Amino acid sequence: MVRRVLSLTSGRVAMTVLLLVALLAALGPLLAPQDPLATSDDVLAGISGGHWLGTDNLGRDELSRLLAGSRVSVLGALEVALTALVVGAVPGILSVYLGRAFEWVTLRLADTLVALPFLLFAVAVIALLGNGLTQAMLVTGVLVAPLFYRVARAATLTVARSPYVEAAVIAGAPVGWIVRRHVRSKVLPPVAVAFAQTVGTGFVIVSSLTFLGIGVQPPEPTWGGLLASDLGYLGQKPWAPVAPALLIMVTVWAGNLLADAIRDVSGEAGRALLRSRGARRRPGTTGPDPAPAPSGGVR
Amino acid sequence: MPRRPRSPGRPRTAALSAVLALLLVPVLAACGGTGAAAGGAATLKWTSTYFPAHWDPVVSGSGAQFRELALVYASLTRVDEKGEAVPDLAESWEYDDEGDEITFHLRPGLKFSDGEPVDAAAVKAAVERAQRQQNSALHGDLTSIESVEADGLDAVFHLTQVDYQIPQLLGERVLQIASPKAAKSPAELDQNPVGAGPFVITQLIPGTKAVLEKNPDYWDAEHIHIENVELTSAPDTSTVVSGLRTGVYNFADLDPSQAGSAKKAGLDVFVQPGYNASNISLNVNKAPFDDDRVADAVRYAVNRQEFVDKLTFGYGETTDQPFPKGYVAYDPESENAYPHDPAKARKLLAEAGHRAGDIELDLVIPAEDPAAEIVQSQLAAVGITVNIKIDKNWATPFFAKDLTFSLYSTTGRDSAVQTLTAHFGPDGPLNLSSPYEPAGFEAAVAEVRRTPLDDPHYAETLQAATRAGLRSKALVFTYSSPNLFAKSPSVSGLPKNPAHLNWTGVTIGDTR
C-alpha cells in the first residue's frame, strides 16, 4: 500500500511532510540551536542570525522551543490515533463474529461515545486526574474510537457476506483464521484512511489543549503553547504566531492528504485508477484517457 | 439635453430611503465606538479581569474584585487621593479618649436599593455577618471589633484593643454594606446584590456580564454622571485593545504587554496608583525551608529587576516589601537587605549541606504564569531545581497552608496594618507558614494600632512594624505590578485614589 500511496503526488507530499515532522519529533531537541528553556534579557527580539524566529516574552529562542515542542505534539497525536485504532477497530471486526450480545453492547457503547465532546471531556479528565497529556490523549483516543469501530465493522460486514467467506464459515474455519485470511486485507485500507485522518485530528486536539495550557507543565514547549504565548504579544511581534500556526496547519493538512491518498489507492477502484495512470505514463501510449473505473472495480 | 422623465417609483423609493435613514442612523450610531448608548445615556462598558465570582461582599473578601462590587455597595468610609479615609455612608466619626471605641454617624435619609433604610442596625448586621457567616472571607480582618451598638444613625464600635486603623479598615475593601433584608439569604445575595452604592444591578449573568443602572438614591448621586454600566469578564488579553478600538468596551483592565498597542490605537492608557506587590511564598514549617539558610539562599537568588523587565514592560518596579516604594509603610531601612547575589546563595546552600541539584521543589500555582518560569530559571542558576505544577484547585491547599512553595500577588489594603498582618501575622491568609510569626512583629503592630494616623510619629512607627515583619523568612517580595487601564478618550479621567476606581465626577461623552 505504501508503494501505491507514493505513486500519487498527494501521497508523496503528505508522506514527506509527515516524515519531516516525525524527524522533528525524534531529533528536534538535538537540532535546537539553543537551550529551549534558557531565558535571556533579549525579550521579544525580532528575527536575527542568533534567533531565526526571534525570542519569546522571557527571552527564549523561539526556533529552539518550536523544535523541542515537536515531540509532545507528535506523540500526543499518535497516542490518540493508536488508542482509537485498538479500542475501535478490533471490537468493530469482532462485533460481526462474536454474537448478538457483543454486537449490541459495542454498538450502544459506540453511540454513547460519539455523543461526548472529546475536547471538553479531555479537559474534565485532566481536572479529575491531574494535569497530564498522556491521560488526556488516552481518553480522547477512546472517544474517537467509534469512527474506527464503524469503519472496521462496515468493511467486515461486506466481507463476511461474500460467498468465499460464507463458504469458509460453512467449512468450519475458525474466526481467527477467517479474519487473518480474508477480513484483514479488506478492512486495512479504510482503517488506514481513518488512522491518517485521526492523526490530523490528534494534532488539532493536542494543539488545542496545550494552547489552553492544559496537559503540560510549563516551561515545557509545545506548538499550541507557543501559539498561545505568541498571541499575547501581537503588538510587539505580529508575525510570531505564524510559525507554530503554520506547523500545526501543515501537519494536519498532511494527515488529511495522506488519508485522501490512501482512499484513492484503496480497493479495486484505486487499483484501476493507478493502472490507468500507469498506462498514461507508459511511452508510446496515445489516444484518449481511459474511462474512469466504475465503482465496484474492473475485473 | 432633455431630462429623463421621473419614474413613478422614485418618490416612494426616496420616502423609503428617508424612513430607513431615520431608523438606522440612531441604531448605527449607538453601535459606534463612543460611550453614548442607545438613547444618548452615558454607558460605561468595562471589561475586567476581576469579574466577581461572588457578589456577596462577605464572601468575595477584600481582594481586587472589591472595585467591581463597589459599583453596587457603599461603605462607611472610602479613601481620597492620598489614600486616607474620607466619609462615604458615614458623614463623620470620632474615637473616644482611650481609642478603643469609635462612633460612626451615618448620613440621614439613605436607603438600600430594596428600600430598606441605611442605618446603624444595618451596619451592625453587616459586621456581625462578616464575623460569623461560615463562608466569610473577612473573619481575619475584623479581629479588632468586639461588638457594634446600633443607635439610630450612630454605629458605636467597641474594640478589642486600641486601634486607630478602623476608619481605614472599614472602607470599600472590608465593609461594603449590603441590605440586611437581602442578606438574610446570603446565597440569594451572592447572585442578586443589594447595596446602597452608586449603581443598581439590573441583570447578572454569573461569571460573564453584569448590567447596572444609576442608583438615584445614592448619597452622592448628583456627582455620578454615568447612567449605565455594562461590566463584562475580560476576554483574552490580546483582544482587549481591539474591543476598545471598536467600541465593544470603553474601559478595560490592561495587561502591560498591550499598552503599546493601546497607545498606538489612540486610547488613553493610564496607571492608577496602588499597593500591588508580588511575592514568593515559602513554608518555613516544611523542608527545605525549615533551614533559614535555604530560605535566605532563595532571597539572594532572586533578581527582582528581571520580573519588572519581563512582566511589566517598564510599568512596574521592584520591591522587597509588601508595598511599592514611596508608600507610607515602606521601610527605607530594610531596602535591598537581600540583594541579588547568586554566589552568596550557592554558598548558603553549601553551608546547609546541599549540593547543586540536591533540592528539588514543586512550585504550585493556579494558572500559567511567566513569573513562575522566571523563578524557576533564577533558582536553577543557584542549583535549586523547580518543577512548576499548575493546580486549578490551588486556593484550597494555599490557604490551608499545605503548600511548601508558591507565588502570590496582592493588590494591598487601605489599612497598612491589614496588609502587614495578612502577610506576617500568625493567622495571616498570605502567610504560608502560619502560625509562624517573626519575633517582635505582634508588639510592633500593636504600637501602630495605638498610634493615631495624624500623629507625627505614625509613619516611623508603621515602618518599624514593616521592618519587624520583614524578619519573616516566609516571604520573598519581588516586584510591584502596575494598575494599568485603558479607556476611550470619551471617558473622562478618574480620580487618582490609590488602588480604587472612583466613578464620582466621571463623564462619558462624544469626543468626535
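Which residue in β11(B) is the bridge partner of Phe199(B)? Keep that question in mind as we walk through this model, which is a predicted one.

The answer is Lys214(B), found in β11(B). To see the setting, look at the two strands together.

Now step back to chain B as a whole. Chain B is divided into domain 1, residues 38–270, and domain 2, residues 277–480. Taken over C-alpha atoms, the centres of these two domains of chain B are 29 Å apart. The domains also touch: 20 residues of domain 1 of chain B are in contact with 17 residues of domain 2 of chain B. What classes of residue make up the side of domain 1 of chain B that touches domain 2 of chain B? That side has 10 polar, 7 nonpolar and 3 charged residues.

In soluble globular proteins, nonpolar side chains tend to be buried together. Here, the largest nonpolar core has 78 residues, and Leu89(B), Val123(B), Ala126(B), Ile177(B) and Ala252(B) have the most contacts inside it. Helix α4 of chain B, residues 120–132, gives the most to this core, with 7 residues. Setting aside neighbours within four places in sequence, Ala252(B) is in contact with Trp46(B), Thr47(B), Ala234(B), Val240(B), Leu244(B), Phe485(B) and Ala486(B). Apart from this core lies another one of 72 residues, which includes Leu67(A), Leu133(A), Val142(A) and Val206(A).

UniProt, in an unreviewed entry, places the feature "domain: ABC transmembrane type-1" at residues 74–259 of chain A. Over residues 74–259, chain A is 82% helix and 0% strand, and the end C-alpha atoms are 17 Å apart.

Finally, where do the two chains meet? The contact takes 16 residues from chain A and 20 residues from chain B. On the side of chain B that touches chain A, the elements giving two or more residues are α7 (237–245), α8 (259–264), α10 (304–311), α12 (370–380) and β18 (384–390) of chain B. Among these, α12(B) gives the most, with 6 residues. By class, this side of chain B has 9 polar, 6 charged and 5 nonpolar residues.

Conventions:
Residues are numbered from 1 along each chain as its sequence is written. Chains are lettered from A and ligands numbered from 1 in the order in which they are written. This is a predicted model: local features need pLDDT of at least 70, side-chain atom pairs count only at pLDDT 80 or more; totals for chains, interfaces and linings use all residues. UniProt positions are given in the numbering used here, feature names are shortened, and annotations may be inferred rather than shown by experiment. Helices (H or I, at least four residues) and strands (E, at least two) are DSSP runs, numbered from the N terminus. Two strands pair if DSSP finds at least two bridges between them. Domain bounds come from an automatic or database domain assignment. Two residues are in contact if their C-beta atoms, placed from the backbone, lie within 7 Å. Ala, Val, Leu, Ile, Met, Phe, Trp, Tyr, Cys and Pro count as nonpolar, Asp, Glu, Lys and Arg as charged, and the others, Gly among them, as polar. A nonpolar core is a set of buried Ala, Val, Leu, Ile, Met, Phe, Trp, Tyr and Cys residues joined through C-beta atoms within 7 Å. A residue is buried if 20 or more other C-beta atoms lie within 10 Å of its own, exposed if 12 or fewer, and partly exposed in between; C-beta atoms are placed from the backbone.
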